[in-house]
Amino acid sequence: MALRNIATLVFFLMMAFSGAYSRSVYRVGDSDGWTSRGLVDYNEWASTKDFHVGDTLIFAYNNQFHNVMQVSDQDFQSCNATSAISSYTSGSDTITLKRPGHYYFLCGAPGHCQAGQKVDIKVSLPVPENLIPSPSPSSPYGSSSPSASNPEEMSPSSTLSSAPAIGLAFATVVLFLLGFEF
């Protein structure tokens, strides 16, 4: 278990030093915000997003009528806001997603959760941008990929940066110092 935690830490350090992934900011409910008026199916909204560790949620709402409660899965299912993990009441709450897994939020005002003002946010680890394949241009002569012999065919996203290599070297040194054998 400790090795897994160390590997996760090294992964995040590597990503931080390489700048190889980007963070996103999501306004919950998009332009409708956090409301109980039935304008947004929040779980449908969340299902169209890819949430990653480091991303930020913004809950925008009228704090005279609403709030945001982070709750357990069981409390989410039963719309129970009495034992919230965290409570937010500013009307413009910013929450950074710090770990992979599920985050459960609901409005604690009477009847609002039951009316659908709740959302399950599933968070995964970020995927380094250099591991995401870029679409290759289509060719009338079949599929081809850019090559170093034709540099004009290469897009900036298909060229390698030295930053990920530096991050990988750093991770290798940390693992070596921790006694990890290769």
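# Reading contacts in a predicted model

Analyst: Trp34, Tyr42, Phe59, Tyr103 and Phe105 form one aromatic cluster, and since this is a predicted model, everything we discuss here is computed from its coordinates.

User: How many aromatic pairs does the count come to, and what is the arrangement of the rings of tryptophan 45 and phenylalanine 51?

Analyst: The count comes to seven aromatic pairs. For tryptophan 45 and phenylalanine 51, the ring centres are 5.8 Å apart and the planes stand at 45 degrees, so this pair is tilted; the cut-offs behind that reading are under 30 degrees for stacked and over 60 for edge-to-face. Tryptophan 45 and phenylalanine 51 are both buried.

User: Which residues lie over the face of a ring?

Analyst: Arginine 99 lies over the face of tyrosine 103, at 4.3 Å from the ring centre, and tyrosine 103 also belongs to the aromatic cluster with which we began. Lysine 118 lies over the face of phenylalanine 76, with a distance of 4.6 Å from the ring centre.

User: Turning to charge pairs, how many salt bridges does the structure hold, and which side chains meet there?

Analyst: Side chains of opposite charge can pair when their charged atoms come close. The structure holds one salt bridge, in which the side chains of aspartate 30 and lysine 49 meet at 3.8 Å, N to O. This pair links distant parts of the chain, 19 residues apart, with aspartate 30 in the loop between β1 (25-27) and α2 (42-47) and lysine 49 in the loop between α2 and β2. Aspartate 30 is partly exposed, with a relative accessible area of 38%, and lysine 49 is likewise partly exposed, with a value of 23%.

User: Where is histidine 66 placed, and is histidine 66 buried or exposed?

Analyst: Histidine 66 is found in the loop between β3 (56-60) and β4, and its relative accessible area of 11% makes this residue buried, because buried means under 20%.

User: Which side chains make polar contacts with histidine 66, and which residues does histidine 66 touch?

Analyst: The side chain of histidine 66 is joined to that of histidine 112 by a polar contact of 3.1 Å, and a polar contact of 3.2 Å connects the side chain of histidine 66 with the side chain of glutamine 117. Leaving aside residues up to four places away in sequence, histidine 66 touches Trp34, Thr35, Ser36, Tyr61, Cys107, His112 and Gln117; one of these, Trp34, is also part of the aromatic cluster.

User: In what order do the strands form the open sheet, and which strands stand at the edges?

Analyst: Five strands form an open sheet in the order β2-β8-β7-β4-β5, with mixed pairing. At the edges stand β2 (51-52) and β5 (86-88), each with a single partner strand, so one side of each is left without a neighbour in the sheet. The partner of β5 is strand β4 (residues 68-71), and the two pair in the antiparallel sense over three bridges, with valine 68 standing opposite tyrosine 88 in β5.

User: Where in the fold is glycine 101, and which residues does glycine 101 touch?

Analyst: Glycine 101 is in strand β7 (residues 101-106) and is partly exposed, with a relative accessible area of 25%. Not counting residues up to four places away in sequence, glycine 101 touches Ile121, Lys122 and Val123. For the pair glycine 101 and isoleucine 121, the separation is 20 residues in sequence, while in space their C-alpha atoms are 8.2 Å apart.

Technical notes. Residues are numbered from 1 along each chain as its sequence is written. This is a predicted model: local features need pLDDT of at least 70, side-chain atom pairs count only at pLDDT 80 or more; totals for chains, interfaces and linings use all residues. Side-chain values use heavy atoms; hydrogens and water are left out. Helices (H or I, at least four residues) and strands (E, at least two) are DSSP runs, numbered from the N terminus. Buried means under 20% relative accessible area, exposed over 50%, partly exposed in between (1.4 Å probe, protein chains only). Contact means heavy atoms within 4.5 Å. Two strands pair if DSSP finds at least two bridges between them. Rings of Phe, Tyr and Trp (its six-membered ring) pair if their centres lie within 6.5 Å; planes under 30 degrees apart count as stacked, over 60 as edge-to-face and the rest as tilted. A charge sits over a ring if NZ of Lys or CZ of Arg is within 6 Å of the ring centre and within 35 degrees of the ring normal. A polar contact is a pair of N or O atoms within 3.5 Å; within protein, one must be able to donate a hydrogen and the other to accept it, and residues adjacent in sequence count only if both atoms are side-chain atoms. A salt bridge is a side-chain nitrogen of Lys or Arg within 4 Å of a carboxyl oxygen of Asp or Glu.
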